[in-house]
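Thanks for coming. I will go through one structure, a few residues at a time, and give the cut-offs as the terms come up.

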Amino acid sequence: MTPKSLMTVSECRELVESWRLENLQVSLVPTMGALHQGHLSLVKKAKELGDKVIVSIFVNPTQFGPSEDFARYPRNLAKDFSLLEGVGVDAVFSPTANEMYGPDFQTWVSNDGITDILCGQSRPGHFRGVCTVVIKLMNMTSAQYCLFGKKDYQQFKIIANMVRDLNIKTQVVACDIMRSDTGLALSSRNQLLSESELEIAPNIFFALSTLLQTFSNGCHLVETLVDGFKNQLAEFEAIKLEYIEVRRERDLAEISGEIEEYAIVFVAAKLGAVRLIDNIELRL
Ligand code: AMP
């Protein structure tokens, strides 16, 4: 089935309204394109939950800082379409930046709780752009469900908080991280890695896996776990660690000392010009 191609907000609304008249529920999967199996796992879940699935493909300019990789972010709409055709998506919404942000655009949504930590520290304004575009997409599609990957765990938490705080009727659903055979978390940005960088990149996950093993063996001390991670990565000079932090799952508060409740280990690192993120869950 070829997904219906929607370029404008009114096309999107018209289709959604016709579905509403039939009492059909919409699942939305917001993406920036350059799709991979991670995105497709969200689509699969979306199909289980809703009657109709819309995938949005929009490289959202407002979530990129001035010195970030907006211009060279991978784009391949034709390939994305054929991938989505294979998994039975009903519609693909791929608006232009102009369609999303008119010349008089002046209203933003931001979260005051957990945007300045982790990725928000090095990417000021990033989550404001994310929240704004996501609430717009939720409104345009009247989505009953909206699917997010845990790869961007902070993003998922911020969106879930936004939906809670602003009484949005959309249900936020988080999906597990999909990885390549090497363990590397799938990401559109992996396409920007050189061959040698691609070989080194899985070491981020290897070091996280060692950390998880140490945790499972009974060591629950944040400092020991973090030191072990850093030592393991130290031999790979090309990997420039931006942060490794252990935070409580429920509110992303930082943990030091003993881990006493469900926690997430967050990592961001640069490999050449490419910024990679990953995380693992520590459950007691
Ligand atoms: P992006 O196109 O990078 O903005 O990602 C769109 C959605 O796909 C986000 O909710 C991401 O968290 C999710 N996603 C990206 N990579 C993965 C992955 N490897 N596994 C699961 N979800 C992912």
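Let me begin with Y101 and what surrounds it. Leaving aside neighbours within four places in sequence, Y101 is in contact with F58, N60, P61, T62, G129, V133 and K136, where contact means heavy atoms within 4.5 Å. Y101 sits in the loop between α4 (97-100) and α5 (119-122). Helices here are DSSP runs of H or I with at least four residues, strands are runs of E with at least two, and both are numbered from the N terminus.

Before going on, a note on the source. This is a predicted model, in which local features need pLDDT of at least 70 and side-chain atom pairs count only at pLDDT 80 or more, while totals for chains, interfaces and linings use all residues. Residues are numbered from 1 along each chain as its sequence is written, and side-chain values use heavy atoms, with hydrogens and water left out.

Back to Y101. Is Y101 buried or exposed? Y101 has a relative accessible area of 11%, so it is buried. Buried means under 20% relative accessible area, exposed means over 50%, and partly exposed is in between, with a 1.4 Å probe and protein chains only. The side chain of Y101 makes a polar contact of 2.9 Å with the side chain of T62. A polar contact is a pair of N or O atoms within 3.5 Å; within protein, one must be able to donate a hydrogen and the other to accept it, and residues adjacent in sequence count only if both atoms are side-chain atoms. Y101 and T62 are 39 residues apart in sequence, and their C-alpha atoms are 9.3 Å apart in space.

Next, the ligand. There are 17 residues around the ligand, and those that come nearest are M32, H39, D152, M178 and L186. To count as near, a residue needs a heavy atom within 4 Å. In the side chain of H39, an N or O atom is 2.9 Å from an oxygen atom of the ligand. M178 uses its backbone instead: an N or O atom there lies 2.8 Å from a ligand nitrogen. L186 also has a backbone N or O atom 2.8 Å from a nitrogen atom of the ligand. Taken alone, the ligand exposes 480 Å², and the protein buries 94% of that; these areas come from the Shrake-Rupley method with a 1.4 Å probe, and for residues only the protein chains shown count as cover. Which elements give two or more residues to the shell around the ligand? They are β2 (26-31), α2 (37-49) and β5 (145-149). Of these, α2 gives the most, with 3 residues.

Now the charged pairs. The structure holds 17 salt bridges, each one a side-chain nitrogen of Lys or Arg within 4 Å of a carboxyl oxygen of Asp or Glu. One of them joins D90 and K52, with the closest N and O atoms 3.7 Å apart. D90 lies in the loop between α3 (77-87) and β4 (91-93) and K52 in strand β3 (residues 52-57), so this pair ties together parts that are 38 residues apart in sequence. D90 is buried, at 16% relative accessible area.

Another salt bridge links E249 to K157, at 3.2 Å between the closest N and O atoms. Since E249 is in the loop between β7 (239-248) and β8 (263-271) and K157 is in helix α7 (residues 153-165), the pair ties together parts 92 residues apart in sequence. E249 counts as buried at 13% relative accessibility, and K157 counts as buried at 11%.

E281 is partly exposed at 21%, and R283 is exposed at 53%. Salt bridges that share partners join K150, D176, E281 and R283 into one network.

E197, in helix α8 (residues 195-200), is buried yet has no salt bridge. How far away is the nearest side chain of opposite charge? That side chain is R72, at 8.1 Å.

Last, the backbone. Most residues other than glycine have a negative phi. N23 has a positive phi, near 65°, and is exposed at 69% relative accessibility. A34 also has a positive phi, about 50°, but A34 is buried, at 4%.

Key
Lys, Arg positive; Asp, Glu negative; His and termini not counted.
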